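Colleague: I have a few minutes before my next run. Can we go through this model together?

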Amino acid sequence: MISLIFILIMLAIILSISLAVSIKNDHRYDDRDYRNNEGDHLYYDKSIIEKKVFHRLHPKEAARSIARLFRKDP
């Protein structure tokens, strides 16, 4: 009986320690450092950022087209 109580107390201590550690490490991930002024994520939205830059430089030309794909000049 005493060993059962001892085991339950040890389990309670282990659970309380693990709960305290998980609460301490539950800070929210903040990715504001990885976003540009327009709100695009610098790593995940690379294609969107490239299209926006291309559209700013060439407003009348399509960003993705068959003609641009096979054209030799950059």
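Modeller: Let me start with a charged pair: K52 and D40 meet through their side chains in a salt bridge, 2.8 Å from N to O. K52 lies in helix α2 and D40 in the loop between α1 and α2, so this pair ties together parts that are 12 residues apart in sequence. Keep in mind that this is a predicted model.

Colleague: Is D40 buried or exposed?

Modeller: D40 is buried, because its relative accessible area is 8% and the cut-off for buried is under 20%.

Colleague: And K52, what does that count as?

Modeller: K52 counts as partly exposed, at 31% relative accessibility.

Colleague: How many salt bridges are there by this rule?

Modeller: The count comes to three. K52 also forms a salt bridge with E38, with the closest N and O atoms 3.6 Å apart. That pair links distant parts of the chain, since K52 is in helix α2 (residues 46-57) and E38 is in the loop between α1 and α2, 14 residues apart.

Colleague: Which residue does R56 form a salt bridge with?

Modeller: R56 forms a salt bridge with E38, and the closest N and O atoms there are 2.7 Å apart. R56 lies in helix α2 and E38 in the loop between α1 and α2, so the pair ties together parts that are 18 residues apart in sequence.

Colleague: How accessible are those two, R56 and E38?

Modeller: R56 counts as exposed at 52% relative accessibility. E38 counts as partly exposed, at 45%.

Colleague: Why would such side chains pair at all?

Modeller: Side chains of opposite charge can pair when their charged atoms come close. Here, going back to K52 and D40, their N to O distance is 2.8 Å. Salt bridges that share partners join E38, D40, K52 and R56 into one network.

Colleague: Changing topic. What about aromatic pairs, how many does the structure hold?

Modeller: One aromatic pair. The rings of Y34 and Y43 have their centres 5.4 Å apart and their planes at 50 degrees, so the pair is tilted.

Colleague: Why tilted and not stacked or edge-to-face?

Modeller: Stacked needs planes under 30 degrees apart and edge-to-face needs over 60, so the 50 degrees between Y34 and Y43 makes the pair tilted.

Colleague: Are Y34 and Y43 buried or exposed?

Modeller: Y34 is partly exposed, with a relative accessible area of 32%. Y43 is exposed, at 52%.

Colleague: OK, the whole chain now. How many helices and strands?

Modeller: Three helices and zero strands. Along the sequence the pattern reads α-α-α.

Colleague: What share of the residues counts as buried?

Modeller: Of the 74 residues of the chain, 8% count as buried. The chain exposes about 7200 Å², and carbon and sulfur atoms supply 65% of that.

Colleague: Which residues form the nonpolar patch on the surface?

Modeller: Among them are M1, L4, I5, F6 and I7, and the list also includes I13, I17 and V21. Together the patch residues have about 1200 Å² of accessible area.

Colleague: Where is M1 found?

Modeller: M1 is in the segment before α1 (2-24). M1 is exposed, with a relative accessible area of 74%.

Key: Residues are numbered from 1 along each chain as its sequence is written. This is a predicted model: local features need pLDDT of at least 70, side-chain atom pairs count only at pLDDT 80 or more; totals for chains, interfaces and linings use all residues. Side-chain values use heavy atoms; hydrogens and water are left out. Patches are made of residues with over 30% relative accessible area and no salt bridge: like charges are joined within 9 Å, nonpolar side chains (Val, Leu, Ile, Met, Phe, Trp, Tyr) within 5 Å. Accessible areas come from the Shrake-Rupley method with a 1.4 Å probe; for residues, only the protein chains shown count as cover. A salt bridge is a side-chain nitrogen of Lys or Arg within 4 Å of a carboxyl oxygen of Asp or Glu. Helices (H or I, at least four residues) and strands (E, at least two) are DSSP runs, numbered from the N terminus. Buried means under 20% relative accessible area, exposed over 50%, partly exposed in between (1.4 Å probe, protein chains only). Rings of Phe, Tyr and Trp (its six-membered ring) pair if their centres lie within 6.5 Å; planes under 30 degrees apart count as stacked, over 60 as edge-to-face and the rest as tilted.
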